[in-house]
Amino acid sequence: MSSPSNKLVRPTVYQFAFGEAVITNVLEGYIHRADLHPFIATNADAGAVEELANQYRIPFPALEHNFVSTIIETGGKLIVVDPGFGAAAPAPSTGGFMDALNRAGYQAEDVDIVLISHCHPDHIGNVASDGVATFANAEIVIGRTEFEFWKRGDSISEMRQPTLALFRKVLLPLEDQLRLIEPGDQVVDGLSAVDAFGHSAGHLVFRFSSGGRELVLLNDTTPHYVASFAHPEWHFSMDDDPVKAAETRRRILDDCAASAVPVIGFHLPFPSIGFVETLQDGFEFRPATYQFQLT
Ligand SMILES: [Zn+2]
């Protein structure tokens, strides 16, 4: 008899109206790991991470790491932000973006813009496969600093060699078709890039506004919904420059807490939307419940 866990269904599409826009978060996939420490905090004691996990009633050291892409329909454009691993999926529980896109009511050919926050595999794998762009009609938009860093390919760590290989396979062949942007630039009306360098050389956060409402796509600024908020100074093992990433994390979270804007995070537990509050020397993530269904 197969395990009952093979039959479990979970939500993978979360759609809501936001100003004049429609926003959809989709669960591209998830992986289970057994190393909350040191995965999420290479510069903290295991005991401190375990104590925090206990406080929040999450297991230790087991964790679930989610991959959540965001689709924004605004001003007549359909924008996909970081469409997941695609053919580079590392496990059967990942690589579900295209199915979820269809369940959300869209087809690949409807996509006008693919917006990339940075070049790690879970963010670029689905941009193309075998040299063919996944979204045939889409412009691909990515930060100039990030693109040029991987294009140069200098001093890439051992851990990131597979990332470099994937970049060369997926993104570099499309170089002539890319739109390269800088922090402060607009992707479309109401959607702009913010410098969040550190997690990767040119990692970007996105601010989106529509109809007088605003939200922030944190992307990989906050890899864990408890640890990254309570201890922004903890180094995430996947940060390419962990010191800079920690400074960036605090700056961006300070901003989001002060302005009380909703945030979406690529690795936050699905549906991956909520608010940032200051708490002691750090922050707390307050997951949304029904707020976004009422408007
Ligand atoms: Zn990521």
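This report describes the fold, the surface and a selection of residues of one predicted protein model.

## Overall shape

The chain is built from eight helices and 16 strands. Along the principal axes, its C-alpha atoms fill a box of roughly 55 × 50 × 50 Å.

The contacts describe how the chain folds back on itself. Among contacts between residues at least 6 apart in sequence, 68% join residues at least 24 apart.

## Surface, burial and charge

Of the 295 residues in the chain, 51% are buried. The accessible surface amounts to about 12900 Å², and carbon and sulfur atoms account for 50% of that surface.

The chain carries 20 positive and 38 negative charges. The mean position of the positive charges and that of the negative charges are 2 Å apart.

## Cysteines

How many disulfides does the model contain? The count is zero. A pair of cysteine sulfur atoms would have to lie within 2.5 Å to be counted as a disulfide.

## The loop between helix 4 and strand 6

Helix 4 covers residues 121-124 and strand 6 covers 128-129, and N126 is placed in the loop between them. Is N126 buried or exposed? Its relative accessibility is 6%, so N126 counts as buried. Leaving aside neighbours within four places in sequence, N126 is in contact with P83, G84, F85, G86, F97, M98, T134 and F135.

V127 is found in the loop between helix 4 and strand 6. With a relative accessibility of 2%, V127 also counts as buried. Residues up to four places away in sequence are again not counted, and V127 then touches V114, I116, A133, T134, I140, V170, L171 and L174. T134 is in contact with N126, and T134 is also one of the residues that V127 touches. From V127 to A87 there are 40 residues in sequence, and the C-alpha to C-alpha distance is 9.5 Å.

## Two cis peptide bonds

Where are the cis peptide bonds described here? One runs from F60 to P61, with omega near 5°. P61 lies in the loop that connects helix 2, residues 46-55, with strand 3, residues 63-74.

Another cis peptide bond runs from F270 to P271, and omega there is near 10°. P271 belongs to the loop between strand 14 (263-265) and strand 15 (273-279).

## Two residues with positive phi

D130 is not a glycine, yet its phi is positive, near 50°. D130 sits in the loop between strand 6 and strand 7, the latter covering residues 132-133. Its relative accessibility of 74% means that D130 counts as exposed.

Q280 is also a residue other than glycine with a positive phi, near 50°. The loop that holds Q280 runs between strand 15 and strand 16 (282-287). Q280 is exposed because its relative accessible area is 76%. The cut-off for exposed is over 50%.

A46 lies in helix 2. With a relative accessible area of 34%, A46 is partly exposed. Leaving aside its neighbours within four places in sequence, A46 is in contact with H37 and F60. F60 takes part in the cis peptide bond to P61. A46 and D35 are eleven residues apart in sequence, and their C-alpha atoms are 9.7 Å apart in space.

G211 is placed in the loop between strand 12 (204-210) and strand 13 (213-219). G211 has a relative accessibility of 56%, so G211 counts as exposed. Which residues is G211 in contact with, leaving aside neighbours within four places in sequence? They are G19 and E20. G211 and V13 are 198 residues apart in sequence and 23 Å apart in space, C-alpha to C-alpha.

Terms used
Residues numbered from 1 in each chain as written. Predicted model: local features only at pLDDT ≥ 70, side-chain atom pairs only at ≥ 80, totals over all residues. Heavy atoms only, no water. Helix = DSSP H or I, 4+ residues; strand = E, 2+ residues; numbered from the N terminus. Buried < 20%, exposed > 50% of the residue type's maximum accessible area, 1.4 Å probe, protein only. Contact = heavy atoms within 4.5 Å. Areas by Shrake-Rupley, 256 points an atom, 1.4 Å probe, with all protein chains shown as cover. Lys, Arg positive; Asp, Glu negative; His and termini not counted. Charge placed at Lys NZ, Arg CZ, Asp CG, Glu CD.
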